[in-house]
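Here are my notes on the model you sent. Please read them with the viewer open.

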Amino acid sequence: MSAALIAVLLSLLSAGAYAVAAVAQERLASRTARPGVLRLFGRRAWWWSVLLNGTGALLHVVALRYGPLTVVQPLGALTLVAAVPLGARIARRRVSAVEWRGTGLTLLGLGALLLTASGPAPDDVLSVPEALAVSATTAALIGALAWPGARPGLRHATASGIASGVASALTQTVTVAATDRTGPLLSAQTVGVALLVAAFATAGLLLAQTAYRGGLGAPLAVVTLANPLAAALIGVVLLGERLRGGVAGVLLALTGAALASWGVVLLSRAGPRPARTEPGTAFVPRQQTAPEPLPRP
């Protein structure tokens, strides 16, 4: 079996694990009356979703060992393709036409962005000052997005995608430092950056859990979009990567961003909306009746 085929198979398994984990998190969020991190720790479904997310991340890292980023990273978008119909299946409903269009536009736009921003694995890695600067900036941005306000689902999803993307970028630094035989295996750089990876990965998981309280499609689309964009931004600014294709590549990236944004808008408008009725009662529309005549004096 060729290395490219192994990378594709591992990427498909990774996307499947992420999709099942996202559906499990969304179901758990919809059944939790009051949000709270400590309440999640006592639920078996939460730990299953953590295990699935960890499995997806491990498969993604191993896939990068056998295939280039330009092959592995776009296949991660299949998480959205699998999660939307899977979530509808579990909820015993059909995927609406708007959800299919939103999913398709998001994936098409994401593919265009990855085509221009992705390239071969960079030779450079983040230094300790750069990793600390990225971590501080990311923490401040996550804090701003997680601040209470309107549309918390999409804001928390954006913060989750950014946290996961930064964790992926920092993972490369840990991997290179750990495999470099010129220094000790457990150097201060390796341990410090590994702790940052664990912190941002955990933050991304918890933020995604809160984002799914508003549904699955739109938050997952935002997470899927923000993750590679955050990693690509670090690559362009700090690792010397450039957009591919020159002016045409920039136009393609802008077009992809517009398509993906419209797909997220469609997904945010789609999906079932719960009726505001009392538990155990059915909604019966009130019939209009003529007013009773006033009594004669």
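The points below go from the overall fold to single residues.

1. **Basis.** This is a predicted model, in which local features need pLDDT of at least 70 and side-chain atom pairs count only at pLDDT 80 or more, while totals for chains, interfaces and linings use all residues. Residues are numbered from 1 along each chain as its sequence is written, and side-chain values use heavy atoms, with hydrogens and water left out.

2. **Fold.** The protein chain has eleven helices and zero strands. Helices here are DSSP runs of H or I with at least four residues, strands are E runs of at least two, and numbering starts at the N terminus. The order from the N terminus is α-α-α-α-α-α-α-α-α-α-α.

3. **Burial and surface.** Of the 297 residues, 38% count as buried. Buried means under 20% relative accessible area, exposed means over 50%, and partly exposed lies in between (1.4 Å probe, protein chains only). The accessible surface of the chain comes to about 17200 Å². Carbon and sulfur atoms hold 67% of that surface. Areas come from the Shrake-Rupley method with a 1.4 Å probe; for residues, only the protein chains shown count as cover.

4. **Contacts.** Take the contacts in the protein chain with a separation of 6 or more: residues 24 or more positions apart account for 80% of them. Contact means heavy atoms within 4.5 Å.

5. **Nonpolar patch.** Which residues form the nonpolar patch on the surface? They are Leu-5, Leu-9, Leu-12, Leu-78 and Val-81, with about 360 Å² of accessible area together. Helix H1 (3-31) and helix H5 (78-90) each give two or more residues to the patch. H1 supplies the largest share, three residues. Patches take residues with over 30% relative accessible area and no salt bridge; nonpolar side chains (Val, Leu, Ile, Met, Phe, Trp, Tyr) are joined within 5 Å, like charges within 9 Å.

6. **Val-81 and Thr-103.** Val-81 lies in helix H5. Its relative accessible area is 31%, so Val-81 is partly exposed. Thr-103 sits in helix H6 (residues 97-117). Thr-103 is buried, because its relative accessibility is 4%. Leaving out residues up to four places away in sequence, Thr-103 touches Leu-80, Val-81, Val-84 and Leu-267.

7. **Salt bridge.** How many salt bridges does the structure hold? There is one. The side chains of Glu-99 and Arg-93 form a salt bridge at 3.0 Å, N to O. The criterion is a side-chain nitrogen of Lys or Arg within 4 Å of a carboxyl oxygen of Asp or Glu. Glu-99 is buried at 6% relative accessibility. Arg-93 is partly exposed at 29%.

8. **Helix H10.** H10 (residues 217-238) has 22 residues. From first C-alpha to last, H10 reaches 32 Å, close to the 32 Å expected at 1.5 Å a residue. The expected span is 1.5 Å times one less than the number of residues. H10 is mostly covered, with 16 of its 22 residues buried.

9. **Two long-range pairs.** Arg-65 lies in helix H3 (residues 44-66) and is exposed at 63% relative accessibility. Ser-168 belongs to helix H8 (residues 152-179) and is partly exposed at 39%. Ser-168 and Ala-230 are 62 residues apart along the chain, and their C-alpha atoms are separated by 9.4 Å.
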